[in-house]
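Reader: I want to learn how to read a sheet and the helices around it. Can we work through one example?

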Amino acid sequence: MSTDFTPGRPIRLYTPDNKYLDMSTDSLVGQELNFYKGWLCGAGTESIYIDMDGKVFTASCRVGGCLGNVFEDIQIPQGWIQCPKKVCTCGADLFIPKLKSENYKELLQKSFPNSNSAAKPLKENQTNFVAMERTHDSTYKQVYWEMGRRCNYDCSYCWPFIHNKTDPHKSLTDLLRATLLVEETFLKGHKAHFVISGGEPTLNVYLIDWLKFIHSMDHKISMHSNGSRNGDYYRDLIHYTNLNISVHFEFYNQERLLKVIHAVTEEKVKHKGLGHLEVKIMMPPGHRQQALELEQKLIQIPRFTDYCTRAVVPIRDGNNGDLVKAGYEEPDFQLFGDRI
């Protein structure tokens with residue numbers, strides 16, 4: 001069984017002759033290696049997606065339709081599904097293991113650790129890949145959970161139907177009951193990697209209590225935030241979750257954000273084994289210099305480069321937001337396929 005991985009390249013692709021290449025999601029999409037129509041996908045059995053209203057789907061692509069509501073009841077499908085989509089567009093969906101056919105299941109050494117296969121790194125250029133999986137936590141199931149639409153930002157490139165300032169927060173009781181339903185119907189004794197998103201999750205006053213509950217069951221957690229809370233809040237948060245802080249130039253306060261990153265870095269230096277911190281600098285067209293200047297300030301934070309990572313993320317096809325505002329109520333995944 002292979003246990004290695006390449007930092008910053010969380011997806012492993014396999015060739016028919018059992019060689020592999022590790023890639024980042026951006027590189028995979030940039031090289032147009034995210035076309036899996038007709039492949040088998042673990043969506044629904046290895047991963048589920050919960051939207052802002054609690055509706056449960058096999059993945060964010062919504063293949064297979066709605067499986068129920070996490071605050072009521074859900075029905076989990078049996079077996080892997082055959083992908084009908086031309087392209088896989090969501091970062092969370094790209095983490096779900098996939099096979100060009102059942103014949104290549106033995107290649108997935110990380111998802112199925114009993115495999116006797118021993119893959120070797122790919123040295124030459126290759127595009128004939130037949131299987132893929134995550135390089136980390138591959139035996140964990142994935143629960144991608146969008147807590148709600150409530151957000152204190154209103155970024156111009158964020159689709160209007162996924163954020164607002166009015167949606168009510170879920171209560172702690174509802175969140176705990178929903179988590180237990182996921183345990184009963186989907187996980188069934190397996191450990192999971194919960195990926196929490198929004199809106200802005202930290203606006204919910206029950207977030208940390210909920211994360212403590214999930215953490216107490218030995219599940220792993222990652223979450224996304226815009227970094228707008230104070231440093232002490234994130235010092236506490238990093239004890240329970242990996243943290244992805246996204247920087248949005250239209251609304252963020254640079255001085256406040258740098259204090260937050262400094263506080264989290266200090267906490268990680270002080271306590272071994274805490275969650276990982278990655279700062280994603282969202283770069284719309286025309287903001288390249290601003291993004292690079294902020295990146296340099298992050299690097300100057302003491303021990304940041306030892307304990308944290310950063311990435312500059314270009315915002316592509318901003319005109320899609322105009323199309324949505326013109327009347328699209330739900331995303332057309334063919335139309336918006338190149339935005340990750």
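Reader: How many strands form the open sheet, and in what order?

Author: Start with the general idea. Strands of a sheet pair through backbone hydrogen bonds, either parallel or antiparallel. Now this case, which is a predicted model. Here 10 strands form an open sheet. The order is E7-E6-E5-E4-E12-E13-E14-E15-E16-E17, with mixed pairing.

Reader: Which strands stand at the edges?

Author: Strand E7 (73-74) and strand E17 (308-314) do. Each has a single partner strand, so one side of each lacks a neighbour in the sheet.

Reader: What joins strand E12 to strand E13?

Author: There are 6 bridges between E12 (residues 141-146) and E13 (residues 192-197). The two strands run parallel.

Reader: How do I describe two packed helices?

Author: Use the angle between their axes and the distance between the axes. Take H3 (residues 172-187) and H4 (residues 207-216): their axes come within 10 Å and cross at roughly 25 degrees. Angles under 35 degrees count as roughly parallel, so H3 is roughly parallel to H4. Their crossing is right-handed.

Reader: Which residues make the contact?

Author: H3 supplies Leu172, Leu175, Leu176, Thr179 and Leu180. H4 supplies Asp209, Trp210, Phe213 and Ile214. The contact residues divide into 7 nonpolar, 1 polar and 1 charged.

Key. Residues numbered from 1 in each chain as written. Predicted model: local features only at pLDDT ≥ 70, side-chain atom pairs only at ≥ 80, totals over all residues. Heavy atoms only, no water. Axes fitted to C-alpha atoms, helices over the stretch in contact; angles between N-to-C directions. Helix = DSSP H or I, 4+ residues; strand = E, 2+ residues; numbered from the N terminus. Parallel < 35°, antiparallel > 145°, perpendicular 65-115°, else oblique. Left-handed = near helix turned anticlockwise from the far one by under 90°. Contact = heavy atoms within 4.5 Å. Nonpolar A, V, L, I, M, F, W, Y, C, P; charged D, E, K, R; others polar. Pairing = 2+ DSSP bridges.
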